[in-house]
Amino acid sequence: MSRTALRICPLCEATCGLVLTVDDGRVTGARGDRDDVFSKGFICPKGAAFGALDADPDRLRGPLVRVDGELREATWAEAFDAVAAGIRPVVERYGPHAVGVVLGNPNVHTMAGALYPPLLIAGLGTRSVFTASTVDQMPKHVSSGLLFGDANLIPVPDLDRTGHLLLIGANPLESNGSLCTAPDFPGRLRALRARGGTLTVIDPRRTRTARLADRHLAIRPGTDALLLAAMAHTLFEEGLADLGERATHIQGVDELAAALDDFTPEAVAAACDIDAAAIRTLTRELAAAPTAAVYGRIGSCTVPHGTLASWLVDVLNILTGNLDRPGGALFPQAATDRTPRPAGPGRGFALGRWHSRVRRHPEAKGELPLSSLAEEIDTPTAEGEPVRALVAVAANPVLSAPDGDRLDKALGGLDFMVSVDPYLNETSRHADVVLPPPPPAQSPHHDFAFNTLAVRNQVRYTRPAVPLEPGRMAETEILARLVLAATGMHGADPAAVDTLVIDQTLGKAVQAPHSPVHGRDPQELAGLLTGENGPERRLDMMLRLGPYGDGFGADRDGLTLDRLLAHPHGIDLGPLRPRLPQPLKTRSGRVELLPEPIAADLPRLRAALDGRPGGLVLVGRRHLRSNNSWMHNVPALTGGSNRCTLHLHPEDAERLGVENGQPVRVKGAGGEVTAPAEVTDAVRPGVVSLPHGWGHDRPGTRLGHAAADPGVNVNQLLDGSLLDPLSGNAVLNGVPVELAPLTAAAPERSGL
């Protein structure tokens, strides 16, 4: 029997609404939901392939436990018994920091990944926390923390109302947007141009987004911060800086002007390989636009000055008067945000509250660099114990972190490892216990993280489109039981985890003077919560206490879970609105333009003014039909343009004697790989490009399609030594490499 069901797509940050066709309990089709309040029917190839990913035959159906060196099928009870028996002795003998936690990208795409890992980390009491953020967006978190006092307070471009959008290191026509949740990002960019706006793209590659732009500046990789600093300098020098209505909420303007005095367009031109006149023209146009927004993404984060570049993106928004302004860059207000507190000074943001053992990397946002995970496992020091046990949740760092070969070996030396993953992949194959969550159609969905980054305020929730299959366990229950097993409460009712969170949250809410439930009985409030299970009751609580909530009866028209369920296509909460100074949490209660850690890092940027790399440098690239390593096992999402080839400019190909399709050896500080050359002028001369997430050729995995066309792991070219010092983010772009052709040109194979 055929039916349809709604589901929010979890396959990228756009969070589009889908209408799934379900036949006999299996998803057989997916189309865009035209009634969705946010995505309005938009769908990309990933969403269209939802059914194929959901039904991937290589997805694990039940837990695996290692017995006599081999992973074997086990019951859920046996699996959690093994987790408790493996982790607790490590904690008791070596202390909590000897247990590492690694969280991968898919955690922010699931309800369970948002609700339970924080409890796991807090329950363990470990500081050995590593996430995908430090191979991605950590510089933006750090710069936001330093500027605004909150690492998660990230302004997003007001795409639908801006007059000039400047993108640096971003390719949303392929990525669908990142740290800027915007269904149909391509359509929004075309609408910008249709209404007479300007699109400028700064990228060493002529991406699909760059081809759409009014202006494309092919910057030398890794020099983003120099260009942005020169633009800020020009605003001061030419009297174009105008903070607008937010001026009273901003401090440090004069100090910032002095700090950027050396970064003239003429001084940065050679390093950036962009003419000084072009820099001045771009700056003047940005300042003159009626509204404008600067938006930087992974290409400007994963470079040696990633935090400075991320900071300067917002500096430009501030100096042009476009921060917290319609048409500029605004702070979204998600429905599950905490009750807004009164404006005023906060605790601020601190870096380096602890350090990694081996290379003394400072903590950022409670995390250590993922690049340091291998050494934290395999290198003994006088200070503290190495990581001896590891909990990996939806993480594949063997492919996503630098020097995967070393990490691969290090994982084999752990005392114990548990992996929550639907696949036996390059990382989970090392686990002693593998706990597979069900396919996405069998899970509920609400976007806790991405709604805080959305270009329009809205709220949506979808229950599972397909009932949980016999033998499967809900991902929320898997993670709740993992929390209990890892923290010494193995065997307790997993519902107790949600009950504990609800009791603690309501207990604090009734004591907060600005809370809508101040002075009320927390047990009475808990009794009012609705929902079929603990996660739904927690969502109901967060909605009720949030900025649009009913306050447990204080506002009869406010949000509750029941009201949200009555609107299956979501509830529109309106366009982004100015919010300053309320969300600021700096110690001054103002935007702090020149925080001390930023000022202390500027001399390093000044030294880069003399940088003139003469050889080839490497950059990554994103494919429309891929989102990191876990989608390469779906045939519909590989092939075509989604190929693991080395992009090489024709001038460089001729100089090196490389022909199209020829195998080329690429060598970096961490090792070497061989990939077929794809000669194209889509990259600027002196730059080569490999996509990330490939390298599916290791034994012991169960990824049949991915292994048939494995590609190469670009991160194996990196040794993990290059990091942005403020954020600990890996430097993945603009790194030097050497190339050499291997053989005479060979015919291109399908899939290469």
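Predicted model: local features only at pLDDT ≥ 70, side-chain atom pairs only at ≥ 80, totals over all residues.
Student: Let's start with Asn642. Why is Asn642 called buried?

Tutor: Buried means under 20% relative accessible area. Asn642 has 2% relative accessibility, so it counts as buried. You can find Asn642 in the loop between β21 (616-619) and β22 (646-648).

Student: What makes the pairing of the Asn642 and His623 side chains a polar contact?

Tutor: The cut-off for such a pair of N or O atoms is within 3.5 Å. The side chains of Asn642 and His623 are paired at 2.6 Å, so they meet that cut-off. The side chain of Asn642 also reaches the backbone oxygen of Leu637, at 2.5 Å. Leaving out residues up to four places away in sequence, Asn642 touches His623, Arg625, Ser626, His632, Leu637 and Trp694.

Student: On to helix α5. Which residues of α5 are buried, and how do you know that they are on the same side?

Tutor: In α5 (residues 117-124), the buried ones are Pro117, Leu120 and Leu124. They cover an arc of only 55° around the axis, and therefore lie on the same side of α5. Their cover includes α3 (76-94), β6 (99-103), α4 (111-115), β15 (389-393) and α19 (475-486). After α5 comes Gly125, with a positive phi near 75°.

Student: And the nonpolar core? Which residues of the largest one touch the most other members?

Tutor: Those are Leu226, Leu227, Met231 and Trp311, in a core of 58 residues. Not counting residues up to four places away in sequence, Met231 touches Leu166, Ile279, Leu282, Thr283, Leu286 and Leu316. There is also a second, separate core of 52 residues, which includes Trp354, Leu368, Leu717 and Ala730. In soluble globular proteins, nonpolar side chains tend to be buried together.

Student: One last stop: what kind of peptide bond joins Leu580 and Pro581?

Tutor: A cis bond, with omega about 5°. Pro581 is in the loop between β19 (571-575) and β20 (591-592).

Terms used. Residues numbered from 1 in each chain as written. Heavy atoms only, no water. Core = buried A, V, L, I, M, F, W, Y, C linked by side-chain atoms within 4.5 Å. Buried < 20%, exposed > 50% of the residue type's maximum accessible area, 1.4 Å probe, protein only. Contact = heavy atoms within 4.5 Å. Helix = DSSP H or I, 4+ residues; strand = E, 2+ residues; numbered from the N terminus. Arc of directions from axis to C-beta. Polar contact = N/O pair within 3.5 Å; in protein donor to acceptor, adjacent residues only side chain to side chain.
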